[in-house]
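Morning, everyone. I have one structure to show you today. Please look at the screen.

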Amino acid sequence: MLVVSQTTRNYSNEFMNIGVDAAALAMSGSVTATSNDVNSGYWNPAGLVHLEDNALALMHSSYFANIANYDYVAFAMPLDDRSAIGLSVIRFGVDDILDTTKLIDQQGNINYDRINLFSAVDYGVTFSYARKLPIPGLNYGVNAKVIRRIIGDFASSWGFGFDLGIQFETKNWQFGLMARDITTTFNAWAFDQDRLEDIQNAIPGENQEEPETNELTLPKLQLGMAKSFIFDYDYSLKTELDLIVRFEQNNDIISTSFASITPAFGFEFGYIDLVYLRGGVGNFQNELEFDNTKKLSFQPNLGLGFKYNGVSIDYAITDIGDQSVALYSNVFSLKIDLGLFRR
């Protein structure tokens with residue numbers, strides 16, 4: 001293996017920003033202040049302190065017309081009445097990619113038997129710890145993340161990072177802060193020299209530069225404010241507004257050389273803690289048109305949920321309508337309160 005370049009890039013591990021849990025995705029990810037279950041390890045680890053028993057979560061979704069598959073599993077458990085821990089694993093992969101670097105043999109003939117298949121797979125493993133502070137309603141949580149990325153036998157990398165989450169609740173108001181990659185998450189790549197030469201020699205004059213070996217993920221903040229309502233005991237409404245802050249210049253509504261900010265809003269309407277209707281809007285972007293004018297785009301989401309006897313089944317449809325350049329995706333997720341097996 002060969003490792004030489006020391007240049008860093010200000011982006012990496014974007015698969016860790018896709019999001020988990022159909023219920024949260026239906027609300028456009030605006031759950032920083034209200035996340036309070038096994039999926040809090042992703043959205044805000046401080047919310048794990050609300051667990052009453054061991055819990056398990058599963059999710060599967062497909063993106064880019066089913067080309068890429070996104071799978072997630074999480075487990076969390078309370079340690080005592082003031083603390084909890086969690087473990088989650090994310091896999092984002094594109095499988096059965098055609099490797100055509102050896103399509104042309106040494107005699108210059110095309111030989112389709114020389115085509116091989118490979119996968120490009122990203123893994124994220126997160127260890128979470130949460131604890132209640134002496135101040136009533138104030139909780140904190142921390143994540144330690146291990147990132148593993150593999151591109152066939154061409155290249156692979158390891159990465160490490162930390163998150164910090166805080167939640168505060170007073171009466172019917174809830175506030176949250178999630179700071180991702182607070183120390184910056186560093187990925188170090190290693191390349192197989194022989195396979196790298198195959199790529200460089202596949203098309204003369206192309207792919208001649210060796211890829212950079214280091215990636216740096218800059219911190220991202222998400223601040224949330226939420227309020228809950230109860231109507232006639234049977235009906236509930238939860239609303240949350242989040243502000244997502246990235247320390248880079250991009251197409252967000254507010255964008256400077258120092259930081260960019262975009263909002264996300266979501267709601268959850270529930271009936272007797274059994275059936276839920278969810279919706280949200282986020283990913284507001286200033287898109288540049290062909291005539292050099294700017295157009296504000298956004299991403300609406302919608303979802304349904306059903307909860308009974310400790311089992312929650314949730315569904316979300318994302319990227320709906322004509323407001324997003326991405327294809328829509330159907331997302332399903334499952335949450336299980338493992339305490340139901342002891343009842």
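Let me start with a question: is tyrosine 271 buried, partly exposed or exposed? Tyrosine 271 has a relative accessible area of 34%. Buried would need under 20%, and exposed would need over 50%, so tyrosine 271 counts as partly exposed. Keep in mind that this is a predicted model.

Now the surroundings. Tyr271 belongs to a nonpolar patch on the surface. Which elements give two or more residues to the patch? They are strand E10, residues 220–231, strand E13, 260–271, strand E14, 275–288, and strand E15, 294–308. Strand E15 gives the most, with four residues.

Tyrosine 235 sits in strand E11, which covers residues 235–246. Its relative accessibility is 34%, so tyrosine 235 is partly exposed.

On to the aromatic rings. How many aromatic pairs does the structure hold? The count is 11. Take tyrosine 235 and phenylalanine 269. Their ring centres are 6.0 Å apart and their planes meet at 25°. Stacked means planes under 30 degrees apart, so this pair is stacked. The two residues come from distant parts of the chain. Tyrosine 235 is in strand E11, phenylalanine 269 is in strand E13, and 34 residues separate them. Phenylalanine 269 has a relative accessible area of 35%, so it is partly exposed.

Now pair tyrosine 235 with tyrosine 271. Here the ring centres lie 5.2 Å apart, with the planes at 40°.

Tyr235, Phe269 and Tyr271 form one aromatic cluster.

One last item, on another ring. What lies over the face of tyrosine 42? It is arginine 180, at 4.5 Å from the ring centre.

Methods
Residues are numbered from 1 along each chain as its sequence is written. This is a predicted model: local features need pLDDT of at least 70, side-chain atom pairs count only at pLDDT 80 or more; totals for chains, interfaces and linings use all residues. Side-chain values use heavy atoms; hydrogens and water are left out. Patches are made of residues with over 30% relative accessible area and no salt bridge: like charges are joined within 9 Å, nonpolar side chains (Val, Leu, Ile, Met, Phe, Trp, Tyr) within 5 Å. Accessible areas come from the Shrake-Rupley method with a 1.4 Å probe; for residues, only the protein chains shown count as cover. A salt bridge is a side-chain nitrogen of Lys or Arg within 4 Å of a carboxyl oxygen of Asp or Glu. Buried means under 20% relative accessible area, exposed over 50%, partly exposed in between (1.4 Å probe, protein chains only). Rings of Phe, Tyr and Trp (its six-membered ring) pair if their centres lie within 6.5 Å; planes under 30 degrees apart count as stacked, over 60 as edge-to-face and the rest as tilted. A charge sits over a ring if NZ of Lys or CZ of Arg is within 6 Å of the ring centre and within 35 degrees of the ring normal.
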